[in-house]
Amino acid sequence: MIVNRRRSHPHILVSVCIERGETPGAALLLVRTDPSNGARFELDRRSFGSGETQAEITRSIAERIPRDATVLSHTRRMPDHAKRHSALPHESLAPYPPGLAARYRPDLTTICHPCGQRELAEVAAAYDIVAESGPMWTTLEAKAARDAQALWLLFLWTHCWSQQRDWLASAWEAWRAIERARNAPL
């Protein structure tokens with residue numbers, strides 16, 4: 001039996017990616033859909049201090065997410081054998097930080113998409129999404145922004161209905177063109 005796993009895109013979806021480093025960077029791509037008003041996109045980037053804990057970073061991200069949103073995050077793909085042997089019998093594997101946002105915000109729904117950095121990089125390359133850093137944002141923030149968009153595109157193409165996928169991808173391309181023009185030097 002073939003199971004159709006396509007679904008409607010959530011009305012409010014936030015794709016969250018965190019880049020680890022000395023000063024971690026995070027990005028949230030907010031996608032709001034409304035059939036009568038189209039789609040709206042926002043990209044929020046943030047750097048964290050080297051002394052901030054994972055809990056503080058997760059709490060800060062959770063505070064930025066709109067009420068009743070669906071949070072899209074990714075996990076590394078691991079074979080079952082690696083999962084079984086990476087934790088002691090009495091320990092469970094630590095969830096990816098954006099997935100932890102639900103601990104602070106019970107109104108959120110979480111979708112965890114299994115993919116690795118290679119897959120995110122391939123999608124980013126296919127759509128010509130570059131990690132542009134500059135005076136306003138760090139390299140880690142830029143990489144997180146690139147990956148948040150790539151993660152959303154992976155979700156869009158693997159989980160959403162084709163008609164909705166087409167108009168959302170077109171709306172995102174239009175938004176991206178406007179953002180590029182807005183950020184272009186005069």
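Two strands are said to pair if DSSP finds at least two bridges between them. Helices (H or I, at least four residues) and strands (E, at least two) are DSSP runs, numbered from the N terminus. The views show a predicted model, in which local features need pLDDT of at least 70 and side-chain atom pairs count only at pLDDT 80 or more, while totals for chains, interfaces and linings use all residues. Residues are numbered from 1 along each chain as its sequence is written, and side-chain values use heavy atoms, with hydrogens and water left out.

**View 1. The protein chain as a whole, with six helices and five strands.** In sequence order, the elements of the protein chain follow the pattern β-β-β-α-β-α-α-β-α-α-α. The protein chain has 186 residues, of which 40% are buried; buried means under 20% relative accessible area, exposed over 50%, and partly exposed in between (1.4 Å probe, protein chains only). Of the contacts between residues at least 6 apart in sequence, 69% join residues at least 24 apart, where contact means heavy atoms within 4.5 Å.

**View 2. The hairpin of strands β2 and β3.** Strands β2 and β3 (residues 38-47) run antiparallel and are joined by 10 bridges. Three residues lie between the two strands of this hairpin. Leucine 29 stands opposite leucine 43 in β3. Of the 10 residues of β2, eight are buried, and the strand is mostly covered.

**View 3. Strand β1 and its two partners, β2 and β4.** On one side, β1 pairs with β2 (residues 25-34) in the antiparallel sense over eight bridges, and isoleucine 12 stands opposite arginine 32 in β2. These two strands also form a hairpin, with five residues between them. The pairing of β1 with β4 (residues 70-75) is parallel and has three bridges; valine 14 has valine 71 as its bridge partner in β4. In a regular strand the side chains alternate between the two faces of the sheet. Both faces of β1 are covered, with Ile12, Val14, Val16 and Ile18 buried on one side and Leu13, Ser15, Cys17 and Glu19 buried on the other. Strand β1 spans residues 12-19, and eight of its eight residues are buried.

**View 4. The largest nonpolar core, of 28 residues.** A nonpolar core is a set of buried Ala, Val, Leu, Ile, Met, Phe, Trp, Tyr and Cys residues joined through side-chain atoms within 4.5 Å. Trp152, Leu153, Leu156 and Trp172 touch the most other members of the largest core. Two or more residues of this core come from each of β1, β2, α4, α5 and α6 (162-183), and α5 gives the largest share, 10 residues. Neighbours within four places in sequence aside, leucine 153 is in contact with Val123, Tyr127, Ile129 and Trp172. Another core, of 16 residues, lies apart from the largest one and includes Ile57, Ala62, Ile65 and Ala69.

**View 5. Helix α5, of 21 residues.** From its first C-alpha to its last, α5 reaches 30 Å, close to the expected 30 Å. The expected span of a helix is 1.5 Å times one less than its number of residues. Helix α5 is largely enclosed by the rest of the structure, because 16 of its 21 residues are buried.

View 6. Aspartate 68 lies in the loop between α1 (54-64) and β4 and is partly exposed, with a relative accessible area of 48%. Aspartate 128 belongs to the loop between α4 (117-126) and α5 (139-159) and is exposed, at a relative accessible area of 52%.

**View 7. The segment of residues 78-95, where pLDDT stays under 50.** pLDDT is the predictor's confidence in each residue, from 0 to 100. For residues 78-95, the model has six contacts beyond four places in sequence. Over the protein chain, pLDDT averages 81, and 81% of the residues score at least 70.
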